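Please examine the sequence and the three-dimensional model shown below. The explanation after them leads from the whole chain to a single residue.

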Amino acid sequence: LGQGGMATVYRARQTTMKRDVAIKVITQQHAGDTEFTKRFEREVETIASLSHAHILKVFDYGKHEGMVYLVMELLTGGSLADKISAGAIPPKKVKALLNQITSALDYAHRRGIIHRDLKPQNVMLDEGGNAFLTDFGIAKIVSSNQAATATKAGAIMGTPYYMAPEQWRGDPVDARTDIYALGTILYEMLLGRLPFDADTAFVLMHKHVNEPPPLAELREKFSVAVSH
């Protein structure tokens, strides 16, 4: 179904339940990394603790012949990234998607969990176009004892186009980090393009940290309520 730097996702058949599922198989390079495996195990524990209508369900997790895998609910509507690639989304549909995503985020945030890598690729859609958050792979349970033991690598993970200034600086993150990423996604849904783009990560970092978001086009196309 898809492949990235961390894993490959396959469509599979769970014969005991007679249903199709999605299986995320971690690359051998990462599966052999003890620290990464521990982070992955925390991902499973984090997702397993969440039960919300718009958070993708996880059915199983395990290791087999050196492979680490995660079995998830299968959705067939593609991702929000696929939908955005076709162009700007009508405001009425944006409102519906935003309500679903914020409901899921609010649920997680109230439980001390932040996503940390919110982006359109991590918002899956069902056949009806409803949104489901997935891949809390670098989510972190925000508590004093875990904050003290967080690794430096874990503090700077994210996807550049959606990273908040504090992530670029390597500062502590909280729920507002997800809200920043969500604002970027909202902009992209409405206009069909990102608020900040650049040829290098350094320039992109400078824009996110130092420049105000370019809202002129939003103000031209939409009502005051949307553009602010």
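This is a predicted model: local features need pLDDT of at least 70, side-chain atom pairs count only at pLDDT 80 or more; totals for chains, interfaces and linings use all residues.

Residues are numbered from 1 along each chain as its sequence is written, and side-chain values use heavy atoms, with hydrogens and water left out.

The chain contains eleven helices and nine strands; these are DSSP runs, helices being H or I of at least four residues and strands E of at least two, numbered from the N terminus. Of its 228 residues, 43% are buried, that is, under 20% relative accessible area with a 1.4 Å probe, counting protein chains only. The accessible surface is about 12,300 Å², and carbon and sulfur atoms account for 54% of it; such areas come from the Shrake-Rupley method with a 1.4 Å probe. Contact means heavy atoms within 4.5 Å. Among contacts between residues at least 6 apart in sequence, 58% join residues at least 24 apart.

Five strands form an open sheet in the order β1-β2-β3-β5-β4, with antiparallel pairing; two strands pair if DSSP finds at least two bridges between them. At the edges are β1 (2-3) and β4 (58-64), each of which pairs on one side only. Two bridges join β1 to β2 (residues 7-14), and Gly2 has Val9 as its bridge partner in β2. Helix α2 (residues 34-48) packs on this sheet, touching β3 (19-26), β4 and β5 (67-73), and its direction makes about 160° with that of β4.

Elsewhere, the axes of α4 (residues 91-110) and α8 (residues 175-191) come within 11 Å and cross at roughly 170°. Axes are lines fitted to C-alpha atoms, for helices over the stretch in contact, and angles run from 0 to 180 degrees between N-to-C directions. The two helices are therefore roughly antiparallel, a term for angles over 145 degrees. Among the residues that meet are Leu97, Leu98 and Leu105 in α4 and Leu182, Leu186 and Met189 in α8.

Leu118 lies in the loop between β6 (113-114) and β7 (123-125). Is Leu118 buried or exposed? Leu118 is buried, with a relative accessible area of 2%. Leaving aside neighbours within four places in sequence, Leu118 is in contact with residues including Leu105, Asp178 and Leu182. The C-alpha atoms of Leu118 and Thr177 are separated by 9.1 Å, although these residues are 59 residues apart along the chain.

Methods. Angles under 35 degrees count as roughly parallel, over 145 as roughly antiparallel, 65 to 115 as roughly perpendicular and the rest as oblique. Buried means under 20% relative accessible area, exposed over 50%, partly exposed in between (1.4 Å probe, protein chains only).
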